[in-house]
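Dear colleague,

My notes on it follow directly after.

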Amino acid sequence: MSDGGVPLWLDGDQTPGRQYGDATPPARDTRRRARPLPSPPELAEKVRAGDRPAIARAITLVESERPDHHAYTVQLLRELRSHTGAAVRVGVSGVPGAGKSTFIDALGVRLIADGHRVAVLAVDPSSSKSGGSILGDRTRMGALAASEAAFIRPSPSGGHLGGVARATRESMLVLEAAGFDVVLVETVGVGQSEIAVAGMVDTFLLITLARAGDQLQGIKRGILEMADVITVNKADGDHEGEARVAARELTMALKLISSDPHAPRPPVLTCSSLTGHGLAEVWAAILAHRAGLAGSGDLEERRASQQLQWLWALAQGDLADALRHAPTVRAIRPAIETAVTSGELSAMEGSTRILRAFADDVAAGTALPSGANQRGTDGDPGDRVDVARGRAGGAALG
Ligand SMILES: Nc1nc2c(ncn2[C@@H]2O[C@H](COP(=O)(O)OP(=O)(O)O)[C@@H](O)[C@H]2O)c(=O)[nH]1
Ligand SMILES: [Mg+2]
């Protein structure tokens, strides 16, 4: 393949594994692999100081599914907990192509010019390492990505929604502790991700488009009901008038679909990330919504209720894990599945047997190690819950 055994590299790419021929790739940089993990308090201190590699590392640990990393991040987040909660947390939703990333870039740059520090996260369970994520198109956030006052983190990839949502939520805490005072969470604009994002932010912004006639069909009613602020984007050039009409129609439509006539209806604005038109007004509406919540005590209530929902989502997830891994349950599972598929046993009877087997595992003390113990420190299953409670802090829950 190559002369004299000299490896022929792909376009000068010396990444091990990408060479042609049978030459041995250069040894992996072991310093990098063996980089020792600082203790959780040490890493927490660096995060607090705004050290970017430390922040990135903390988020990588938070995203990891490894049990030892879970145990580590429980301690890390405990260290950081009292420094979290101060940011303006905004969810940014809208169908693909609505202009979320471009909007975040344009708004983010303005906020930074005003002295803010802006973190951008994403919830996109469909993203994969190879395909990139919704934020993978970093070109859309080129201006923001270049700023020292911004931190952009694509959605963790290749996981189920629960795992992605957990990682994003915990990353948000890391970034708050690192001093980012605005956290923007972009979502894919389809399915359950919106609900997950609504469950972690103070204000939910819906970005929509003026497509004559189909504004409402294009937007799922559930998403409309979650929105705290709505903006019709791409109000520039020939489309400015169209966008204004769409915003008016949407305002009227919201009146009609609202189940509670007294419920506050979200303001509907227009904006353009290209010209900058309306961006200041959208941000003002976000702050006004948040100030309204804070003034009435609803912000704490909202965060506390998010924490409770999160607590139970975690508990149910942990329980499902424990059920899957409990040895007695595993042992009887094939037989029960066969019996239920053949009709010999009803699903209800099968479920009762599974729960009985699980109860045996609980009694024998073999039910918990896989889920709770791995994640907690020192085998204390309570730690997981502790993380869930951590963010609200005493003020919100007490
Ligand atoms: N005319 C116009 N185009 C925009 C605007 N914002 C985004 N776009 C374009 O819309 C396309 C999708 O934008 P993107 O931010 O990737 O959308 P996302 O999928 O919602 O994140 C891109 O080609 C953008 O250049 C805007 O305010 N005006
Ligand atoms: Mg995008």
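Strand 5, residues 203-209, is mostly covered, with seven of its seven residues buried. A residue is called buried if 20 or more other C-beta atoms lie within 10 Å of its own, exposed if 12 or fewer do, and partly exposed in between, with C-beta atoms placed from the backbone. Helices (H or I, at least four residues) and strands (E, at least two) are DSSP runs, numbered from the N terminus. Please note that this is a predicted model, in which local features need pLDDT of at least 70 and side-chain atom pairs count only at pLDDT 80 or more, while totals for chains, interfaces and linings use all residues. Residues are numbered from 1 along each chain as its sequence is written, and chains are lettered from A and ligands numbered from 1 in the order in which they are written.

The cover on strand 5 extends to both faces: Thr-203, Leu-205, Ile-207 and Leu-209 are buried on one side, and Phe-204, Leu-206 and Thr-208 on the other. Strand 5 runs parallel to strand 1 (residues 88-93), to which four bridges join it; here Val-90 stands opposite Thr-203. Strand 5 also pairs with strand 6 (residues 229-233), in the parallel sense and over five bridges, and Thr-208 stands opposite Val-232 there. Pairing requires that DSSP find at least two bridges between two strands.

Within strand 6 lies Ile-230, which counts as buried because it has 27 C-beta neighbours inside 10 Å. The C-alpha atoms of Ile-230 and Leu-206 are separated by 4.7 Å, although the two are 24 residues apart along the chain. Leaving aside residues up to four places away in sequence, Ile-230 touches Leu-206, Thr-208, Leu-250, Pro-266 and Val-268; contact means C-beta atoms, placed from the backbone, within 7 Å.

**Ligand 1**

Of the 15 residues around ligand 1, Gly-99, Lys-100, Ser-101, Thr-102 and Lys-234 come nearest. Helix 5 (residues 100-113) provides the largest share of this shell, three residues. The shell divides into three nonpolar, eight polar and four charged residues.

**The protein as a whole**

The protein has 18 helices and seven strands. Of its 398 residues, 38% count as buried. Among contacts with a separation of 6 or more, 71% are between residues 24 or more positions apart.

With kind regards

Definitions and conventions
Near = placed C-beta within 6 Å. Nonpolar A, V, L, I, M, F, W, Y, C, P; charged D, E, K, R; others polar. Contact = placed C-beta atoms within 7 Å.
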